[in-house]
Structure formats: structure tokens, C-alpha cells
Amino acid sequence: MKEIEMRARVERLLDRAVRRAAVPASLGVALALTGCSDSVSTPAYMAQFPEGTSDAAIDHGQPQPDYMAQFPDASVEDATDDLGAVARYMAPIPDASIDHGQPEPAYMAQFPDASAVDATADVLPVTHYMAPFPDASVQDATDDIGAVARYMAPIPDAAIDHGQSAPAYMAQFPDASAVDATDDRGAVARYMAQMPDAADEQG
Amino acid sequence: MIKFLKQVGFAPRSCVWELTLACNMRCKHCGSFAGERRSDELTKDELLRIAGELGDLGCQRVTLSGGEPTLHPAWDEVGRRLTECGVRVNIISNGWSWDAEQARRAKVAGLAAAAFSLDGFEQEHDALRRPGSFDRVVRAIDTTVARGLPVAINTTISKLNQHMFYELREFLMARGVFSWQVQVATASGTMSHNRDLVVDPSDFLEIVSCVGEMCRLNTRAFTVRPSDDIGYYGKYEAVIRGEKTELPFWIGCRAGCQVIGIESSGDVKGCLSLPSSKHGESRFVEGNLRSSSLASIWTREGAFAYNRQFQEKSLRGFCSVCRYRDFCRGGCTWTQYVEGDTGNPFCFYFQAVRQQRYDLLEEEPTEVEKAYAGTDRVGGARPADVIHSPETDPQ
């Protein structure tokens, strides 16, 4: 593989990772729009919606509300994007904290509770990583990993433990198998013995 | 490419854990001076506590290592604690004292596999390790396979075995081994006193090519897995890293990014192979688990800076002008260290450029690379000396 193709592949993966980092925000909006009662205080990110716009339009495929036109690049709003309709307006948000490891962006902290996340897990698949954080202290806000990285570390993913294919959180990448396989093959340090795949163990 | 690893996240997914430095062998190529146990090795309670911390940090795989890990009386208890935390665990042994009872303990502890070191056939293996060790390790392999525990093999490539890959492959397949990891011996640890056994870097083209060809033959039943010190780039890179992956090429050392090493004293390094007190070197030790938690060491600002805060200007020799330098970061950190910070000659790309075997590369080397490689100054010289030298300037 030539150098230019290698760089292109890395950039594609990085782009996907950043895009996926916006999903929690889109999910939060979806919850706020569809799953939260009026008694729930309006989270900060709701302030992005201009007053008086119709939330329902987002989830029900109705004509694009006015504020959607505010985004400069309409082509980003691909109708086939699997992030869902709510996600589209979130994608173009230039959130510097994602790329530069600054403290957790505001939208990360705004999920009312984990159960709400679970309830919509089948709607937006990239959700359940929020629940498994065993210890919030592990997610040191001062580290330089960035928002995308912090949830990666503490996930005790059963799929990994049993040698199965892509763990749940890896599904955030469009091509989970590729990312996972890279991990499997990459970290072969000296003295690190190999473990069998589940299929090998069974076979 | 550190940018990519940073984005994916720094998390200790894989750990190699030296339970004890005690060893019943004195291998000529041992990189860690194993033999006597350290005077300050962790207690069983400390080991079990750390096992829990690894699980809490989301570690996915742990290799119990040494020294000879089975000389630690609680190796299986540590393994069990890890598996209870959801970690996949295996053990790597020299096989000298491994018998059916050890295999049973491994299975009871829930280990996923046992790996044994095998460095050739009887003549080569015993010469590097200990008379009679070949017979013992073969017996260990057979005993473990018979018990239904998957068996992997680690082979350290030296001058003694660099021409017998295919014979070894056939031998291991016939014994029911499922995975064979090959790695290159460098002149560190005890091997620094046996430099005549270290493969010549100029042979790296042949070695990597042979390993790559073997990788093409991989099946689900038996796979050859080159270690991180084998490569980099060129025509075999994809098959070595895994052709079906989205990034089928080396993206740099993961020590301190996704890999962690723990010494039996509790010292934490990005990779167990990196030098420490036994080598008179402290720069790679990030902290000690007696006085700090694993999480605090892992997340400490400035930790593992050689990788997490990598800067291209730290590269020396050919590496500093290589087109892949931001991906590769000089290859295996340990090899870089051993080579005295003068660049990494154990590099397929460098050797191909140096030997003008451009047919083994995916594209023509740059003029700067050719100029540098052609100066016969593998390391030591700053590239600027070469780039601006009248005698090597392609213009």
C-alpha cells in the first residue's frame, strides 16, 4: 500500500471517530425531544434550538425546520446517514474539545440518566457505552485523551472477554471489524503470548 | 501514528505482567536478566489488588510472564482473579517445570491459553537455554494440548534459528499449536553479552520476507503472528499486520497507549520489554504500584511521554528522514533503545532502501531517503548532516 493510501485510510478512520463522538449529543437531543417529560429541566444544549421551532419535525421526517438551514454545508446532512435525523445538525459542530483533549464537552454531561440512554438503545445503536462506566473517577477530565477516548478505557466488554467479534462500543465506527482487527493484530508486544479466538477454542 | 492512537484512546488493553523475575533458566537471549527474584517483589495480596485494578481499567488481555511465572506460587490465583474481572488471561512459560498439574491449574483458573518459548530444534533451543530444555518444552506442549488448553509458541529469532522457519512451522502445526509468535532478539539484557547471536540487520530483508510468506499460509487452525519488532512497510507489511484490517500497516509502538507492562516489583512501564532497574535505566518507569494506583499512573500527565507526546525530532538516523516516520515513530521502542538512539536498522523499509531492493517496496524511495541510506551511515549522524552534504545531495 502506498503512503498516500495509508494516510487516506487513517484520515477516514479519524473522521469516523470524530463523527461518532457527536452521537452522544444527538442522542441527548433525541431524548430531550422524544423521551423526556416536561418536568425535566431543559438541558443546556436545547438552547441551540431557536425558540418556537418544532421539535417533532426532526424525528418524523417532516420538512426541515428553519434552523437546519443555518448549517453552511447542507451536503453533510445525508439522509442515509445512520446517525439519524437528529444527529445531522450535530455533526458540523466544531467541538474543539473532541480533538484537543480538553475537558468533557458540555453535551457529554447532559444525559439525565443511564436508563434513558438504554431505553433508546435500539433506536440509536451507539448508546450503551454510557452505562458501563464502572468508575467515573477513571475518566480523568484532565487527561489528554479527549472525549472520544475516555469512554473507551473502562468498558468491561463481554464480547472482548470471550473472543467474539467487534465489541459493542466499537460499533461506533462504521467498519467495526476493521478497527477491532487492527487492535487485535497491532498490540503484539514482545513476550506477549497469543490467545486463541473463540472459534479456535471451540474447535 | 500517535494522532490515531490518541483519538482511539489511551487505554491499557493488553498487559504483560512479570509475576516474578525468578527463572529456572539463564537464557543467552533473555532481555530482562531473569534468574534471581527481585528483592522487593509484590506480595500475593498486592498482586490480587492490582489484578482488580487492571480489570477496573478495562484491560482486556493479560499475559502472565516472568522470569518463569510458574515459579510464583500464586500465579493461578492471580490468573483466576483476572478472569473473574473479565480479562482474558494466558501465561507464557519456558516449559521446564510445566506438567499436567500446571495445565490443570491453568484450566481451573480460566486461562485462555498457555504459551511456551521455543527457539529452534534441540540443538538451537538447548544452546540458548539449558540442556534438556527442548525435550521438556515439547513435553509441555503435548501435555497441554492433550488437556485441551490452547497452546501458542513464542520464538525469538537469532542467528541460530533464522534459517529454519518453515521446518519449525511444520513441527508446531503437527503438535497442535494454534499460534506462533516470532520476534527478533536484540542486544539487550543478557543478549548484550552475546551479540554474536543477534541477527545481522542486513538479513532483515530475508527474515521479514520469510515471515511474510509464512503469514500468507495462515489458517484459522494455525497462525504466524509477527511481533511488533518485525516489519516495517514494503510488500509484506499488509500480510504481516493483517490484510483484512482497515489499517494493514504499522502505526507505531503502542507502549503506554494500549499496552502496559508490570514488573514484579510493581514498577509500571509502557511495555515489559523496555529497560528498567536491571538495565540501570529509569526513564521508562512511570511509577510503582506499591505507592500508586494503576489508574493514577496510567492517567498521570506526562506519563509515557516517549509515545503519547512523541515528536518527530526525537528520531535519529534514517528514521528521521523516512517517509513513514510519523506513522512508525521508529518502530519498536525497545529496539530503538538498544540501538543507542541511532535509528532502527531492524527495519524492512530501511534495509530495502539501503540495499536498493526497491522491488520489495510499494513505491520508489524519496531522494532524501536514498541519499541518506547511501551514505553508509546507518545511525549516529543527524540527517541534516547528510541532507546538506555536497557529496550526498542528489542535486
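Me: At what angle do α2(B) and α3(B) pack, and how far apart are their axes?

Reply: Happy to start there: the two helices pack at an angle of about 25°, with axes 9 Å apart. Axes here are lines fitted to C-alpha atoms, for helices over the stretch in contact, and angles run from 0 to 180 degrees between N-to-C directions. Please keep in mind that this is a predicted model, in which local features need pLDDT of at least 70, side-chain atom pairs count only at pLDDT 80 or more, and totals for chains, interfaces and linings use all residues. Residues are numbered from 1 along each chain as its sequence is written, while chains are lettered from A and ligands numbered from 1 in the order in which they are written.

Me: Why are α2(B) and α3(B) called roughly parallel?

Reply: Angles under 35 degrees count as roughly parallel, over 145 as roughly antiparallel, 65 to 115 as roughly perpendicular and the rest as oblique. The angle is about 25°, so the pair is roughly parallel.

Me: Which residues make the contact between α2(B) and α3(B)?

Reply: Contact requires C-beta atoms, placed from the backbone, within 7 Å. On α2(B), the residues include B:Leu47, B:Ala51 and B:Leu54; α3(B) contributes B:Glu77, B:Val78, B:Arg81 and B:Leu82.

Me: What makes α3(B) mostly covered?

Reply: A residue is buried if 20 or more other C-beta atoms lie within 10 Å of its own, exposed if 12 or fewer, and partly exposed in between. Seven of the ten residues in α3(B) (residues 75-84) are buried, among them B:Trp75, B:Val78 and B:Leu82. These buried residues pack against elements of chain B including β1 (14-20), α2 (44-56) and α4 (100-108).

Me: Why does B:Phe33 count as partly exposed, and why does B:Phe304 count as buried?

Reply: Set each count against those cut-offs. B:Phe33 has 18 C-beta neighbours inside 10 Å, so B:Phe33 is partly exposed. B:Phe304 has 24 inside 10 Å, and therefore counts as buried. Phi is near 55° in B:Phe33 and near 55° in B:Phe304. Most residues other than glycine have a negative phi.

Me: Which residues touch the most other members of the largest nonpolar core?

Reply: Such a core is a set of buried Ala, Val, Leu, Ile, Met, Phe, Trp, Tyr and Cys residues joined through C-beta atoms within 7 Å. In this core of 119 residues, B:Leu54, B:Ala113, B:Ala114 and B:Tyr349 touch the most other members. Helix α8 (residues 204-216) of chain B gives the most to the core, with six residues.

Definitions and conventions. Helices (H or I, at least four residues) and strands (E, at least two) are DSSP runs, numbered from the N terminus. Two residues are in contact if their C-beta atoms, placed from the backbone, lie within 7 Å.
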